[in-house]
Amino acid sequence: MDDLIICRCEGIRLSEIRASLREGASAVPGVKKRNRVGMGYCQGRVCQRVVSELIASETGAKESLLQRAQSPVRPTLLKDI
Amino acid sequence: MMTNTRLFSTNKDEGQRHVSFTFNGMELTGYEGEPIAAALLANGIKTIRTCEVTKEPRGIFCGIGHCYECRAEVDGISNQRTCMTPLRSGTQVSSHSSWQIEEARK
Amino acid sequence: MKQKVIVVGGGLIGTSTAYYLSKEGIDVTLVESQDIASGTSGACDKAIMMQSKAPGPVLDLALKSALMYKGLEEELEADLEYREGGGMILFETQQELEAIHRLVARQREAGLDVQLLTRDEARRRQPGLADHILGSTWWDHDAEVNPLLVSFAFAKAAQRMGAIIRLGAKVTKLLTDGDRIVGIECASEKMYADLVIVAMGVWTPQLLKSINLDVPIIPRKGQILVSERLPDFVNCNVLGGAYIAAKMEKKMAESSNPIDSVGLSLGQTSSGTLLIGGSREFAGYDFQTNVEISRAISKAATRVFPALEQVRILRTFAGLRPFTPDGKPILGPVEGWEGLFLAAGHEGDGVALSPITGKLLAQIVCGMDPGIDVSPFLLSRFQSTVSV
Amino acid sequence: MNVDVAVIGCGPAGLTASIEMAQSGLSVVIIDEYYRPGGRLLGQLYDDPKAPVHQRRWDGKKVTQELVEQAIRLGVQIVCGVTAWSVAPRWKVELSGSEVKSVQAKALLLATGAAEKALPMSGWTLPGVVSVGAAQTFTNVHQVAIGKKVMVVGVDPLALSVAMEMKHAGIQVVGIALPSQSAVTGKLSSPEDALSKLAEAADLAPNPFLRMMGRLVAGSLRKVAIHALSLPLLRLEGIPVYLRKAVARIEGEHEVKAVTLQDVTVQGVPTGREERIEVDAVCLSAGLYPLVELAQVAGCSVTHVPELGGLVPLHGKDLSTTADGLYVAGNITGIEGAKVAMAQGKLAAVSIVQSLGKAPSMSKDDAMHAVEQARDLSPIRFLPQILEGRAIMDQLWQEAWRKKEGGQAWMI
């Protein structure tokens with residue numbers, strides 16, 4: 001069960017997310033900096049809320065912070081920026 | 001044999017021309033204007049790309065342009081969402097993007 | 001009885017300081033308001049470049065730090081994605097060429113054997129450069145690292161040495177006894193120590209207001225574009241000459257338009273994404289990226305590497321460099337206050353100076369001779385009169 | 001391009017709003033990254049028991065066509081297949097995939113709808129595993145089957161509705177089941193929670209038995225209903241709805257080949273018995289959440305209201321937000337059906353028209369009333385506590401507004 005892929009874009013598994021929580025991550029940005037969750041093409045649209053609910057249930061926090069939304073909100077060619 | 005998974009119901013968009021296109025060099029046909037991912041699925045093709053990170057086969061997941069799992073190179077432009085890129089006659093689709101350093105070297 | 005030290009701030013500087021103190025047997029507690037590397041250390045680029053720094057105390061410090069980085073992966077028993085891949089400063093105009101030539105001459109005097117490459121040599125060294133590039137510098141020993149991994153590795157190594165790390169603990173006040181700092185207060189909890197080291201980067205001034213101490217650090221916002229994963233393309237640190245030339249010639253007269261502050265910086269991470277910077281802007285504590293600046297960075301990058309036009313940007317982020325009036329960090333004891341040390345204000349050099357800063361602070365605390373003249377870095381340089 | 005109002009999202013809310021604004025004399029452009037207008041309307045094809053007899057058939061494509069024709073007649077510019085990748089205050093929208101690089105507008109309406117939450121389970125990254133939204137779109141819009149034999153995982157109104165649409169289109173839906181309990185499924189694996197969601201879809205189910213079961217659940221006899229679950233399954237138009245079996249794994253090496261079902265207790269705890277069902281597609285349903293990324297980039301305050309589906313822009317009853325001149329409508333404000341989204345589009349339009357000094361076709365109060373009416377007429381309620389969610393938002397808005405009056409910047 002532990003090797004279940006949670007973040008499809010970057011192939012991050014439940015075991016890696018739990019390891020980040022053991023190291024002190026308490027919100028999505030902290031997990032992301034430790035194992036790249038949410039760094040792929042969808043920027044967390046698919047997995048971010050699952051990770052946030054997982055953090056809340058495993059650390060007892062009420063509900064944990066998501067990563068800051070920034071432009072571009074979709075992958076954009078450099079020539080289009 | 002390519003299994004055809006077209007569904008025929010009263011609600012079909014009328015007037016769509018049948019066109020041919022290629023996927024990784026394979027000659028296929030689909031309806032002009034339908035999303036490339038739909039044309040691929042109608043030809044029984046579910047695997048659209050290989051995940052660069054996990055090396056697993058990947059295909060359509062969200063179907064409306066949010067997850068980027070159905071991305072492929074379309075007519076030379078890499079990482080287009082095939083679930084919302086309309087098919088045209090002669091469109092060339094390929095699983096891996098050709099952005100290579102050689103192209104950058106010239 | 002072991003000396004007890006509290007380090008406030010869990011970024012590159014705080015974690016390094018906690019590690020080197022613990023290594024000296026000091027009883028260390030690191031207190032961080034959010035998470036390791038949740039501030040500027042988690043929003044910066046990856047270059048450890050020497051040749052872009054003008055000769056002076058900061059370059060001397062940086063050269064010592066660069067030496068420490070060579071053995072750091074082994075020492076911390078961690079992969080830091082460290083690589084001595086070299087670095088180049090490009091010049092696109094004659095004006096930039098001349099300015100950079102003057103910088104290279106001064107670097108060579110200071111002992112850095114920086115070379116000058118023709119256009120063809122530059123393009124052989126780094127494929128994909130545009131035709132209009134006039135040439136570039138080259139220095140073998142510029143390096144790159146993953147700053148996130150550095151902070152996490154220092155924190156874990158400090159813990160292995162016995163340090164305690166308290167995350168999610170926001171320090172609101174320094175506890176004083178006369179002109180002596182005796183501890184800190186966070187939320188409702190008081191913690192006492194023989195000595196407190198404040199390493200909170202751009203947030204350092206807020207804490208020291210609690211003892212009416214003015215620390216001239218202000219946030220200088222920088223923006224970075226992150227690309228999708230690419231095959232190997234950029235194999236060293238690449239800097240655009242425009243910004244360096246302006247910085248060296250002091251012509252960077254703080255123009256009001258942040259677009260003018262955009263200067264290309266480019267590096268490729270181990271996962272294959274490009275980090276494309278950068279800008280400099282006094283915009284307070286604002287982390288939202290600005291589209292016009294992203295556009296200026298994009299133009300600077302595609303002008304120099306035309307093939308990048310077909311590359312997608314997945315993300316932009318902004319980091320707040322701790323800027324000081326003279327461009328030097330503020331390190332060491334604070335005149336007028338017993339038991340208070342500062343380690344902040346590294347502007348854009350935080351990644352490069354992280355190891356040496358931690359070691360320097362540990363040596364001073366332990367009364368050892370750091371072999372470096374600390375006076376250029378003391379806060380007192382800004383204090384005309386001692387404010388007690 | 002300069003316009004009075006830019007609308008991002010060409011779904012029911014965006015289209016309806018544009019018609020009202022164009023009728024009041026405003027120049028309007030709608031931008032949508034999808035290649036055709038309609039948004040979630042396109043995939044909707046069902047019989048609405050609450051509608052008057054002659055309007056029972058709800059065909060999203062037809063509704064879209066009528067709205068689009070009306071909008072074009074009124075001079076609305078509809079730009080599809082173009083992505084709005086950023087928005088900056090007062091109000092510049094950055095575009096990619098179009099000759100026009102950006103749009104400048106006096107007011108901005110965000111009608112970007114919702115996205116689907118993920119339901120991670122073993123094998124979910126295999127080709128052939130799709131979200132329930134994708135299954136709806138491919139079945140009803142593109143008329144291509146996602147598979148010959150399909151298992152639906154997740155029991156909620158959308159999953160039931162899509163299962164029936166797939167069946168009507170000739171696809172063999174082998175069953176609808178819960179996901180097995182795991183660290184990431186939470187309430188989705190609870191039979192009791194699934195039953196209460198069944199109540200929401202009760203009106204939709206043409207099958208009298210399920211409608212009865214739904215009412216039973218909705219009423220005080222909930223405990224009885226659950227224990228009555230000695231029946232192995234319920235049937236929804238012949239499709240087995242398993243409440244005492246859960247899907248533990250999706251199997252296959254390159255594509256979906258089968259699913260493994262586990263028997264579970266009333267609390268969803270596996271009993272040990274497993275069975276394997278061969279399928280070539282699985283669709284996952286874990287619910288929708290409002291897509292607020294553009295609102296955040298635009299500088300809008302957002303706040304967490306689980307009853308509305310998660311993070312939502314802080315907004316007033318008139319759908320204005322903390323960002324001056326920026327309005328929201330549709331699923332971005334909270335997950336509801338198309339009719340509510342259309343009524344909200346109208347309301348947002350009325351607010352915008354008034355803010356730009358023109359005369360709307362109705363008052364804000366009438367438009368607000370119309371939203372409540374649409375809510376009562378909606379056949380599906382996606383979030384059981386939607387009403388509480390709306391009340392909470394109104395309260396948060398009042399508090400934020402009071403604080404703002406008190407000189408503080410927008411808090412939250």
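Tutor: In this predicted model, strand 1 of chain B, residues 18–23, pairs with strand 2 of chain B in the antiparallel sense, and six bridges join the two. One position in this pairing is Ser20(B), which stands opposite Thr29(B) of strand 2 of chain B. Both strands belong to an open sheet of five strands in chain B, with the order 2-1-7-5-6 and mixed pairing. The edges of that sheet are strand 2 (26–31) and strand 6 (77–81) of chain B, each of which pairs on one side only. From one strand to the next, the twist averages 40 degrees.

The rest of chain B can be set around that sheet. Chain B contains two helices and seven strands, and along the sequence these follow the pattern β-β-α-β-β-β-β-β-α. Of its 106 residues, 44% count as buried. Among the contacts in chain B with a separation of 6 or more, 41% are between residues 24 or more positions apart.

Chain B also touches chain D, in a contact that takes 26 residues from chain B and 26 residues from chain D. On the chain B side, the elements giving two or more residues are helix 1 (36–42) and strand 4 (57–58) of chain B. Helix 1 of chain B gives the most, with three residues. By class, the side of chain B that touches chain D has 12 nonpolar, eight polar and six charged residues.

Buried residues make up 57% of the 412 residues in chain D. Of the contacts in chain D with a separation of 6 or more, 66% join residues 24 or more positions apart.

Strand 6 of chain D pairs with strand 7 of chain D (residues 92–96) in the antiparallel sense over five bridges. Within this pair, Ser86(D) has Glu94(D) in strand 7 of chain D as its bridge partner. The two strands form a hairpin with three residues between them, and in the turn Arg90(D) has a positive phi of about 50 degrees. Strand 6 of chain D (residues 83–88) is largely enclosed by the rest of the structure, because five of its six residues are buried.

A further open sheet spans chains A and C. Nine strands make it up, in the order 3(A)-17(C)-13(C)-16(C)-15(C)-14(C)-4(C)-6(C)-5(C), and the pairing is mixed. Its edge strands are strand 3 (76–77) of chain A and strand 5 (115–118) of chain C, each pairing on one side only. Within the sheet, strand 13 of chain C pairs with strand 17 of chain C in the antiparallel sense over 10 bridges. Gln223(C) has Ala318(C) in strand 17 of chain C as its bridge partner. Helix 9 of chain C packs on the sheet, and its direction makes about 55 degrees with that of strand 13 of chain C.

Helix 9 of chain C covers residues 291–304; its 14 residues reach 20 Å from the first C-alpha to the last, close to the 20 Å expected at 1.5 Å a residue. Its buried residues include Ile293(C), Ala296(C), Ile297(C), Ala300(C) and Val304(C). What covers the buried residues includes strand 4 (87–91), strand 13 (218–229) and strand 17 (312–323) of chain C, among others.

Helix 4 of chain C (residues 94–109) lies across strand 4, strand 5 and strand 6 (135–138) of chain C and runs at about 145 degrees to strand 4 of chain C. Elsewhere in chain C, helix 5 (residues 119–125) holds Arg123(C). Arg123(C) counts as partly exposed because it has 18 C-beta neighbours inside 10 Å. The C-alpha atoms of Arg123(C) and Leu167(C) are separated by 46 Å, with the two residues 44 apart along the chain.

Definitions and conventions. Residues are numbered from 1 along each chain as its sequence is written. Chains are lettered from A and ligands numbered from 1 in the order in which they are written. This is a predicted model: local features need pLDDT of at least 70, side-chain atom pairs count only at pLDDT 80 or more; totals for chains, interfaces and linings use all residues. Two strands pair if DSSP finds at least two bridges between them. Helices (H or I, at least four residues) and strands (E, at least two) are DSSP runs, numbered from the N terminus. Axes are lines fitted to C-alpha atoms, for helices over the stretch in contact, and angles run from 0 to 180 degrees between N-to-C directions. The expected span of a helix is 1.5 Å times one less than its number of residues. A residue is buried if 20 or more other C-beta atoms lie within 10 Å of its own, exposed if 12 or fewer, and partly exposed in between; C-beta atoms are placed from the backbone. Two residues are in contact if their C-beta atoms, placed from the backbone, lie within 7 Å. Ala, Val, Leu, Ile, Met, Phe, Trp, Tyr, Cys and Pro count as nonpolar, Asp, Glu, Lys and Arg as charged, and the others, Gly among them, as polar.
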